[in-house]
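Please look through the sequence and the structure shown below.

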Amino acid sequence: MEKTTCLIAGGGPAGLMLGLILARGGVEVTLLEKHGDFLRDFRGDTVHPTTLDLLDELGLSEEFADLPANHVDSVQLPVGGQAVLIASLRDLPGKHKYIAMVPQWDLLDLLAQAAKEESTFTLRMSTPVTGLIRENGRVAGVTYRSEQGEGEIRADLVIACDGRESTVRAAAGLDVIEWPVPFDAWWFRIPRHETDPAGIVPVLGDRRAWVMLDRFSYWQIATLIAKGSDVQARQHPVREILESLAGMAPWLSDRVDSLDSWDDVKLLHVRLDRLKKWHMPGLLCIGDAAHAMSPAGGVGINLAIQDAVAAARILAKPLKDGTVTDADLAKVQRRRIVPTIVTQGMQRVLHERGMRPALEGDLNLSNRTELPRPLRVLRRIPVLRSLPPFLVARGVLPEHAPKFARR
Ligand SMILES: Cc1cc2nc3c(=O)[nH]c(=O)nc-3n(C[C@H](O)[C@H](O)[C@H](O)COP(=O)(O)OP(=O)(O)OC[C@H]3O[C@@H](n4cnc5c(N)ncnc54)[C@H](O)[C@@H]3O)c2cc1C
């Protein structure tokens, strides 16, 4: 029978950061990832200053510097054809005063490579976790599927890092609080020209909002659409998406035929929820598996990574000593619940005050001559002005790499 000390389900930002730090702490870790590589579904590309600090502490900053990146140090909104600065990261405390935009598969590959250097770390790709093994009132391991067939692995502790559609948390039956989200997202790419703007370009139009991510030779575009409107939109020619975008960003008019069919446009379901209790004997959930995040503010990856660092710091010793208890798992939730509540609260405000009005056609900034009143007030008062960039870039209760993981 297969056995490990800590079984991690899911190799996203939370799972890989957790695996790396635990393995550096000498804990035997097996990570099961359902996909065959990291080059796949959209996962968001934002690497925040707190994560950049962590990469420095983990001795990975040189490898990270070799990845293709754009640095974003301000957020501008297009108002009446002009770009208006609404937040700047340049005055933040700390060494990194920007968000690095790096294709997430590159970051995950980097973390996976670093973890594989540890003799106690095992990564098994194309191996989805399919369920939980329970024994004597506790979770005792997982069942999985692989190219060789079905299997079972026993573990002292299972940590669910399998994202917002978590199989593990569904199997555990933990209670969830869910908030309605007014939008889903389309995800597609079109060619980028040398003369285009660079970095992140937000575009707010009539009942749609776009975020364009500069990936050098192409634009990766997320379009926020009203929840439930995808099916009807797909009855129309796919060209309409880009015609509508070019109406707001005329420099894209030469590319309205860039999408061949609706198959090029992926629908991403957005949800916002949180487990009441993140753990049960033998099982802990972190990252989106404990609290699914929406894209609002681009903060979910950072929160997931911070959860992983806290979990690894608190659990490495009891895991190594074979003494991990439910009280240790409760400590992880206690440490991470405040940042999670604050961050999800911020996302709910953004949904109601920004995204819902934008999708209902009440926030078409291209027709306005000035910012909406709340944003004008925010820009005028220095303390208020610096709060959103601080919350987005550094978050609440930032975590640092434990000593045993530093290089
Ligand atoms: C449309 C959209 C856009 C977003 N944009 C951003 C953004 O720009 N910036 C940002 O910070 N956040 C963004 N977020 C939120 C962000 O994606 C999540 O908060 C973050 O990815 C959570 O990380 P995680 O490691 O917990 O889970 P995930 O990143 O979801 O990783 C889960 C991993 O588990 C694997 N997995 C799933 N099921 C199984 C299984 N049964 N067995 C084994 N492996 C499994 C998956 O393949 C995946 O590798 C966005 C969210 C959405 C919905």
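Strand β4 is joined by three bridges to strand β7 (residues 99–101), and the two run antiparallel. Strands and helices here are DSSP runs, numbered from the N terminus, with at least two residues (E) for a strand and at least four (H or I) for a helix. Two strands count as paired if DSSP finds at least two bridges between them. Within this pairing, Asn 70 has Met 101 in β7 as its bridge partner. The two strands belong to an open sheet of three strands in the order β3-β7-β4, with antiparallel pairing. Its edges are β3 (46–47) and β4 (70–72), each of which pairs on one side only.

This is a predicted model, in which local features need pLDDT of at least 70 and side-chain atom pairs count only at pLDDT 80 or more, while totals for chains, interfaces and linings use all residues. Residues are numbered from 1 along each chain as its sequence is written, and side-chain values use heavy atoms, with hydrogens and water left out.

Another antiparallel pair is formed by strand β9 (residues 129–135) and strand β10 (residues 138–146), joined by six bridges. Val 129 has Tyr 144 in β10 as its bridge partner. Two residues lie between the strands of this hairpin, where Asn 136 takes a positive phi near 50°. Tyr 144 also has Arg 124 over its face, at 5.0 Å from the ring centre. For a charge to sit over a ring, NZ of Lys or CZ of Arg must be within 6 Å of the ring centre and within 35 degrees of the ring normal. Arg 189 provides another case, with its charged end over the ring of Tyr 218, 4.1 Å from the centre.

Next come the nonpolar cores. A core is a set of buried Ala, Val, Leu, Ile, Met, Phe, Trp, Tyr and Cys residues joined through side-chain atoms within 4.5 Å. Buried means under 20% relative accessible area, exposed over 50% and partly exposed in between, with a 1.4 Å probe and protein chains only. The largest core has 78 residues, of which Leu 18, Phe 64, Leu 283, Ile 286 and Leu 315 touch the most other members. Helix α8 (residues 300–321) gives the most to this core, 11 residues. A second, separate core has 23 residues, including Trp 179, Phe 183, Leu 272 and Ala 393.

Where does Arg 215 lie? Arg 215 is in strand β15 (residues 209–215). With a relative accessible area of 9%, Arg 215 is buried. Its side chain makes a polar contact of 3.0 Å with that of Gln 220; a polar contact is a pair of N or O atoms within 3.5 Å, and within protein one must be able to donate a hydrogen and the other to accept it, while residues adjacent in sequence count only if both atoms are side-chain atoms. Leaving aside neighbours within four places in sequence, the contacts of Arg 215 (heavy atoms within 4.5 Å) are Asp 45, Pro 103, Trp 105, Trp 187 and Gln 220.

Helix α2 (residues 49–57) is mostly covered, with eight of its nine residues buried. Among them are Pro 49, Leu 52, Asp 53 and Glu 57. After α2 comes Gly 59, whose phi is positive, near 75°.
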